[in-house]
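Here's a quick briefing to read alongside the model. Have the viewer open and click along as you go.

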Amino acid sequence: MTTSKAAVWKGKYHIDIEQLPIPEVADDGLLLKNEANGICGTDGHLIEQDPPYPAIMCHEIAGKIEKMGKNANKSLNVYGGPLKEGDRIVLYPWITCGKCEGCRTHRPGTCTTCADSFVYGVPYSMLGLGGAEPINSRVDEAPYLKGGFSEYTYVFPETYVWKIPDDMPSEIAVLMDPMAVAVRSIEMAQTSPGIVEEGMNTNSKVVIIGAGQVGILAATYARALGVEQIIMVGGRSERLRVAKELGQVDEVIDIHSVKPADRIKQVLELTGGG
């Protein structure tokens with residue numbers, strides 16, 4: 001096969017299915033055959049806009065290594081490596097420069113802080129960072145396949161990648177990106193500034209506002225940590241059902257049936273005034 005089927009984003013709510021060239025793999029890169037993709041809320045916001053040029057969306061990517069350059073294990077940031085062709089991996093979508101003030105302050109690899117970064121599936125000008133575009137997302141320039149909504153994705157040097165365990169389906173592994181957001185939110189709650197004791201522990205009662213994938217994953221993590229009680233507040237009945245089933249939340253509050261002031265009252269009642 002010399003081409004890859006790809007969903008090319010061309011305008012507001014405008015995606016065309018096209019065949020794009022499969023690029024040659026450089027010594028420091030690899031070609032991933034995609035097995036699973038996640039749809040982020042960011043993608044939902046992007047599709048409402050005109051891209052600066054035709055591009056491939058999606059930054060939540062899991063797949064199998066089709067071909068890799070001889071130096072890829074050195075050029076990539078590999079967890080669980082070394083890598084070989086046939087291994088399944090999941091990507092962290094941000095490639096940061098490691099040299100700008102944001103990287104020096106918050107460490108290389110920290111998303112949203114690098115001024116000169118690349119994100120798989122997101123054209124640089126839409127990141128709102130104001131720096132330089134180190135890698136463009138154009139589909140008419142090699143290596144063409146720079147987002148997840150295609151049969152293949154080209155993986156650039158300095159990408160952070162994790163090997164997927166053999167017993168983990170790619171459909172689960174691709175949740176790594178939203179799970180990272182959920183875990184970080186819990187970590188921040190555990191170390192709240194301005195207080196001496198822990199912000200959250202096994203005696204805590206937790207309220208999670210928003211029953212999307214990050215909210216539900218945050219609930220699963222909080223439950224794994226052993227918190228005493230979890231309450232989920234959301235606006236979609238199906239998501240609230242999934243939150244009880246997968247997130248194992250104790251109580252749900254539907255914002256369409258409970259007014260804001262009454263939600264606070266209900267939380268206080270459910271937590272015994274806590």
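Which residue in β2 is the bridge partner of Trp9? That would be Ile15. Keep in mind that this is a predicted model.

**The β1/β2 hairpin**
- β1 (3–11) pairs with β2 (residues 14–21) in the antiparallel sense, and the two strands share eight bridges.
- Two residues sit between the strands of this hairpin, and Tyr13 takes a positive phi near 50° there.

**Nonpolar cores**
- The largest nonpolar core counts 28 residues. Leu30, Leu32, Leu83, Ile89, Leu91, Tyr120 and Val155 have the most contacts inside it.
- Setting aside neighbours within four places in sequence, Val155 is in contact with Gly29, Leu30, Leu32, Leu76, Leu91, Tyr120 and Val161.
- Another core, of 17 residues, lies apart from the largest one, and its members include Ala182, Leu217, Ala222 and Leu240.
- As background, nonpolar side chains tend to be buried together in soluble globular proteins.

**Helix α5**
- α5 covers residues 176–190, so to speak a 15-residue helix, and it reaches 21 Å from first C-alpha to last, close to the 21 Å expected at 1.5 Å a residue.
- Its buried residues are Asp177, Pro178, Ala182, Val183 and Ile186. Ala182 also turns up in the 17-residue core.
- The cover over the buried residues of α5 includes β5 (60–68) and α6 (213–225).
- An α-helix has 3.6 residues a turn, so residues three or four places apart point the same way.

**The parallel sheet and its helices**
- Three strands make an open sheet with parallel pairing, in the order β12-β13-β14.
- β12 (205–209) and β14 (251–254) are at the edges with a single partner strand each, so one side of each has no neighbour in the sheet.
- From one strand to the next, the twist averages 20°.
- β13 (residues 229–234) and β14 run parallel and are joined by four bridges. Gly234 has Asp254 as its bridge partner in β14.
- α6 packs on the sheet and touches β12 and β13, with its direction at about 175° to that of β13.
- α8 (residues 260–270) lies across β12, β13 and β14, and runs at about 170° to β14.

Methods. Residues are numbered from 1 along each chain as its sequence is written. This is a predicted model: local features need pLDDT of at least 70, side-chain atom pairs count only at pLDDT 80 or more; totals for chains, interfaces and linings use all residues. Side-chain values use heavy atoms; hydrogens and water are left out. The expected span of a helix is 1.5 Å times one less than its number of residues. Buried means under 20% relative accessible area, exposed over 50%, partly exposed in between (1.4 Å probe, protein chains only). Contact means heavy atoms within 4.5 Å. A nonpolar core is a set of buried Ala, Val, Leu, Ile, Met, Phe, Trp, Tyr and Cys residues joined through side-chain atoms within 4.5 Å. Two strands pair if DSSP finds at least two bridges between them. Axes are lines fitted to C-alpha atoms, for helices over the stretch in contact, and angles run from 0 to 180 degrees between N-to-C directions.
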